Amino acid sequence: MKSHQGDALLLLDSIKQSLTAPHSTSADHAQILADISRLQLAVETPLETIYRIGHQTWQNACVRIALELGVFDTLHAKDADSVGVQELASAPGADTVFLVRVMRVVVALGLCDEAGLNEYNANPKTKIMTTPQGISSFKSWFDIFTPAAVKLPEYMRSQNYQNPTQSTNSAFVYATGSEFWDFLNKTPIQSHHFNDFMATRRQGKPSWYDIYPVDQELLFSCSNAETNPEEGRDVLLVDVGGNRGHDLVKLKTKYPKLDGRLILQDLPDVVAHASFDPEDDKAIEAMPHDFFQPQPVRHARAYHFRAIFHDWPDDSCRRILSHTAAAMKPCYSKLLISEFVLPDAATALFPATLDIQMMGLHAGMERSEKQWQILLDSAGLEIVKIWQEVKGGEAVIEAVLKN
Ligand SMILES: C[S@@+](CC[C@H](N)C(=O)[O-])C[C@H]1O[C@@H](n2cnc3c(N)ncnc32)[C@H](O)[C@@H]1O
């Protein structure tokens, strides 16, 4: 017990120092959060630890119910004024006894505050649960992903605990009878939540072009390149599996004078709902394309994939990469992959969990530097540089055709 106390006091000192430091980076922020988790582990008993972990499913269910009942919207609309349970329950027609029980959990989780007996008010965390970012992420996690998580132990038992390597055989398929992308295609409401989740999930976080110096690494060389006579103007970047184009729109906002075409590729139903109007913004072109087919855009300056390869097992990745490599121009085209590069040890909880999520949803995986290197090498590509702000965090992997 004594040594735990010692650990806790050391961690507390380190947290204090970090919080009072004059400047802090993303890496410092990640370190403070890691220290806080370690501090909690150092203070709580083993029994408290397993109770905290074991109750998370029920807590998430309460947040999902509160979201459905419009609790966060009502509290946020009232700003600093408190709202009684009668008012919270009246519009959706919920039972007040039931709602009080759910609200105890929501308050304890910190998503709003208690203002008195059965009275609540918004706090700084409440607002995010009223935005597309909070709503779409929670609906995706709970409604689309959780059924596969609940079935994961049973599924893995049925597979004799062999690492899943085929997207047609995942916990998601076991739980729903469909592969993830087919399921979304068949359920427009879930597809809508998932695509909103993709578009909003990175708000407030650096994007790939904040980590990778686009102006130095892509633009200068692109304007100096020969123009492709067949296509009229060089393609600067193809965002493969770019969803509804949110990333390209933000890239264009950051670099309004981009020289070269920007092309969004994704499945037909997804690009049909692109987040830009192709008539208004001629700079971005939407192109339905299945990345398991040959890449139709040849000799682009860059092919960018964000959060694509972690959705697939190695064999599928190799097929996508081989089509990309076949379209790349030697000594000119770059492959940019925005994903986690896992450390060899001490992986943070978020990427470690994301890896399991990818396994459960798609038989996919997060990869370490070595695993990326082997995968790219097997498709005729080599890593030039890994651009990364936080060790073990999200990175931009820059690769080219092997000599
Ligand atoms: C995890 S999302 C990432 C979206 C986007 N790159 C981002 O990071 O926000 C994966 C994307 O791959 C797309 N996708 C899935 N299968 C595909 C296929 N066979 N061909 C092209 N795109 C596909 C999905 O529609 C989805 O937009």
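This is a predicted model: local features need pLDDT of at least 70, side-chain atom pairs count only at pLDDT 80 or more; totals for chains, interfaces and linings use all residues.
User: What makes β7 and β8 a pair, and in which sense do they run?
Analyst: Two strands pair if DSSP finds at least two bridges between them, and β7 and β8 are joined over 5 bridges in the parallel sense, so they meet the definition of a pair. Residues are numbered from 1 along each chain as its sequence is written, and side-chain values use heavy atoms, with hydrogens and water left out.

User: How do you know that β4 also pairs with β7?
Analyst: Strand β4 (residues 235–240) is joined to β7 by 3 bridges, and the two run parallel; within this pairing, L237 has A302 of β7 as its bridge partner.

User: Why is S338 called buried?
Analyst: Buried means under 20% relative accessible area, with over 50% called exposed and the range in between partly exposed (1.4 Å probe, protein chains only). S338 has 9% relative accessibility and therefore counts as buried. S338 is found in strand β8 (residues 334–342).

User: What makes the link between S338 and H304 a polar contact?
Analyst: A polar contact is a pair of N or O atoms within 3.5 Å, where within protein one must be able to donate a hydrogen and the other to accept it, and residues adjacent in sequence count only if both atoms are side-chain atoms. The side chains of S338 and H304 are joined by such a contact at 2.7 Å.

User: How is β7 described as mostly covered, and which way do its residues point?
Analyst: In strand β7 (residues 302–306), 5 of its 5 residues are buried. A302, H304 and R306 point one way, whereas Y303 and F305 point the other way, and all are buried.

User: Which residues come nearest to the ligand?
Analyst: R201, G241, H246, D266 and R306 come nearest among the 19 residues around the ligand, where near means that a heavy atom of the residue lies within 4 Å. A polar side-chain atom of R201 lies 2.8 Å from an oxygen atom of the ligand, and a polar side-chain atom of H246 likewise lies 2.8 Å from a ligand oxygen atom.

Technical notes. Helices (H or I, at least four residues) and strands (E, at least two) are DSSP runs, numbered from the N terminus.
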